[in-house]
Amino acid sequence: MAAAGVVSGKIIYEQEGVYIHSSCGKTNDQDSLISGILRVLEKDAEVIVDWRPLDDALDSSSILYARKDSSSVVEWTQAPKERGHRGSEHLNSYEAEWDMVNTVSFKRKPHTNGDAPSHRNGKSKWSFLFSLTDLKSIKQNKEGMGWSYLVFCLKDDVVLPALHFHQGDSKLLIESLEKYVVLCECPQDKRTLLVNCQNKSLSQSFENLLDEPAYGLIQAGLLDRRKLLWAIHQWKKIKKDPYTATMIGFSKVTNYIFDSLRGSDPSTHQRPPSEMADFLSDAIPGLKINQQEEPGFEVITRIDLGERPVVQRREPVSLEEWTKNIDSEGRILNVDNMKQMIFRGGLSHALRKQAWKFLLGYFPWDSTKEERTQLQKQKTDEYFRMKLQWKSISQEQEKRNSRLRDYRSLIEKDVNRTDRTNKFYEGQDNPGLILLHDILMTYCMYDFDLGYVQGMSDLLSPLLYVMENEVDAFWCFASYMDQMHQNFEEQMQGMKTQLIQLSTLLRLLDSGFCSYLESQDSGYLYFCFRWLLIRFKREFSFLDILRLWEVMWTELPCTNFHLLVCCAILESEKQQIMEKHYGFNEILKHINELSMKIDVEDILCKAEAISLQMVKCKELPQAVCEILGLQGSEVTTPDSDVGEDENVVMTPCPTSAFQSNALPTLSASGARNDSPTQIPVSSDVCRLTPA
């Protein structure tokens with residue numbers, strides 16, 4: 001236990017059972033285990049890492065303290081002039097230890113002929129403490145190889161004794177340190193974590209903050225280094241846990257960044273235009289949005305897209321219409337026509353259970369009823385074999401499988417907060433929640449490399465709601481995850497690509513709005529992160545998301561239609577954002593508060609109208625053509641080798657082929673000729689039992 005005394009520093013982390021394995025036993029090569037307590041403490045503007053034996057009498061002369069001028073094998077002793085001015089009571093207190101930060105001097109340990117120096121207390125000589133600013137790297141043990149241990153290496157290559165965590169929790173220490181410094185894996189050795197290894201521009205940005213005259217601002221309280229480090233830490237968490245980070249952390253991060261960088265007078269402390277790009281690129285490595293032109297990137301200049309057409313939507317496809325398009329063996333006739341009808345109006349709820357299996361690729365469009373029956377039997381057997389894999393794992397086995405434990409923990413946490421206001425999932429011991437859990441655990445067996453990432457439960461929930469069947473819901477979810485997989489991968493390649501593509505489209509549609517967003521440090525569109533990550537699941541009501549998803553699954557009228565949905569939403573909010581002169585925080589707050597307030601039919605009309613407008617444009621940039629898959633449209637790009645009279649003519653995107661005056665319609669202005677169709681919910685929707 002820690003010795004009694006006046007604790008003057010704030011304890012950030014404390015762990016007993018942290019051992020040093022010394023070699024000072026009587027028998028050669030026999031480890032002597034020295035049990036100690038490890039603390040991370042914050043005092044004033046400094047963070048200290050402190051380890052000492054549990055039975056250490058806290059003789060101040062035994063404390064090791066690493067300075068920047070330290071050498072490879074060192075011991076630190078209190079400066080002689082200070083010893084005579086302190087009483088014994090003071091020397092045995094924590095106040096004494098903190099005072100020694102500024103009153104110690106350094107000398108090399110006088111090893112001769114391999115003999116260790118004499119020491120009053122054999123264990124006390126191992127005590128050490130150092131400032132976090134002197135830390136260079138942390139080396140970890142190989143996973144699964146005995147007790148976890150950490151080795152601290154200081155900036156002058158001083159290597160401290162390895163600390164063995166016999167009671168675990170070494171990860172908690174790393175997490176505590178990451179609140180104050182940036183840590184990342186060494187490219188040459190994944191076991192080594194390097195300190196402050198962010199990209200060069202970001203590193204330089206923060207080094208400049210600590211130089212004069214910025215250092216004076218820190219001293220004056222206008223810049224808070226700890227807040228800035230905390231902000232970087234939060235941005236890094238986006239990569240590790242994008243769902244939670246974007247749901248909870250953005251407002252706190254931006255407030256810290258703004259408060260720290262702008263200080264009390266925003267007009268006197270303006271940050272460089274590229275600084276927010278550096279923050280985001282640190283969170284999502286490789287992301288490049290609206291930065292200076294790079295070789296190979298097309299510059300999108302202002303182009304006259306022409307008049308935007310008025311789009312109308314039809315009623316949802318009915319069961320009767322669906323049945324008329326099926327032959328005697330159960331094949332779907334005229335698949336393209338059926339997809340057009342679904343895109344134009346969606347599906348009636350009674351039809352979704354059947355049609356979604358085709359839209360998601362679980363059932364082939366050209367399959368017969370008999371073939372689908374055989375496929376379901378095969379998929380049912382395959383599903384339960386995978387489910388048995390995790391169901392049959394004993395508690396003892398799971399103790400030795402940290403990844404499976406982590407997956408289970410995340411799933412249980414997420415399932416308990418997924419769509420709990422929906423009748424299908426509300427209440428305690430709801431069978432729907434049990435099925436959510438079981439399907440997600442089985443998916444970990446199906447794709448163990450990806451496993452479970454927070455946010456995936458949001459994608460499964462509507463599928464299970466519609467299918468009302470565990471096996472069908474699983475295979476539809478697996479198909480949907482094939483589309484969304486890159487969003488949840490560690491490198492987040494899908495998110496990088498989509499943010500870049502969205503920026504390109506928005507700049508073409510409204511360069512003035514883009515310029516305004518950039519002037520408010522919002523040109524990187526990271527406030528759309530949640531939209532893209534879980535495909536608008538938290539932005540629309542539950543029933544509206546069913547409509548939106550089934551329309552997007554038709555893959556009409558172009559590739560990446562969901563990005564045009566983003567553009568339509570932003571265009572709808574442009575006037576309020578610009579007229580009210582919203583800044584960074586206000587834009588973020590406004591976009592977050594749109595949740596559950598967006599009219600899905602209105603947005604679908606606007607998004608389709610945008611796509612038709614682009615298809616008709618004969619000077620569409622090549623980058624935009626590639627994003628929307630319009631290479632086959634009647635388009636001549638400015639950088640094309642084809643002359644003005646040699647337009648490549650192919651099939652354009654489909655127009656409103658299914659409009660009818662006899663059907664209720666919705667124009668792009670949002671005016672509808674009848675009341676919205678209510679989607680019925682089957683009476684037995686909650687009568688589910690897990691397999």
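**Ground rules.** I number residues from 1 along each chain as its sequence is written, and side-chain values use heavy atoms, with hydrogens and water left out. As the model is predicted, local features need pLDDT of at least 70 and side-chain atom pairs count only at pLDDT 80 or more, while totals for chains, interfaces and linings use all residues.

I took helices (H or I, at least four residues) and strands (E, at least two) as DSSP runs, numbered from the N terminus. Buried is under 20% relative accessible area, exposed over 50%, and partly exposed in between (1.4 Å probe, protein chains only). I count two strands as paired if DSSP finds at least two bridges between them. Strand 8 (residues 135–140) pairs with strand 9 in the antiparallel sense over 5 bridges; there, serine 137 has cysteine 153 as its bridge partner. Strand 10 (residues 163–165) is also antiparallel to strand 9, over 3 bridges, with histidine 164 opposite tyrosine 149.

I looked for nonpolar cores, meaning sets of buried Ala, Val, Leu, Ile, Met, Phe, Trp, Tyr and Cys residues joined through side-chain atoms within 4.5 Å. The largest has 122 residues, and Phe488, Phe536 and Phe561 have the most contacts inside it. Helix 18 (residues 470–488) gives this core its largest share, 11 residues. Apart from this core lies another of 29 residues, including Tyr13 and Leu154.

Isoleucine 342 counts as buried because its relative accessibility is 0%. Leaving out residues up to four places away in sequence, its contacts (heavy atoms within 4.5 Å) include Val317, Leu359 and Val551. Valine 317 is 25 residues away in sequence, and the C-alpha to C-alpha distance is 6.2 Å.

I searched the whole structure and got 30 salt bridges, each a side-chain nitrogen of Lys or Arg within 4 Å of a carboxyl oxygen of Asp or Glu. In one of them, the closest N and O atoms of glutamate 14 and arginine 39 are 2.6 Å apart. Glutamate 14 is in strand 1 (residues 10–22) and arginine 39 in strand 2 (residues 32–43), so the pair ties together parts 25 residues apart in sequence. Glutamate 14 is partly exposed at 41% relative accessibility, whereas arginine 39 is buried at 2%. I also noted aspartate 472 with lysine 357, at 3.2 Å between the closest N and O atoms; both residues are buried.
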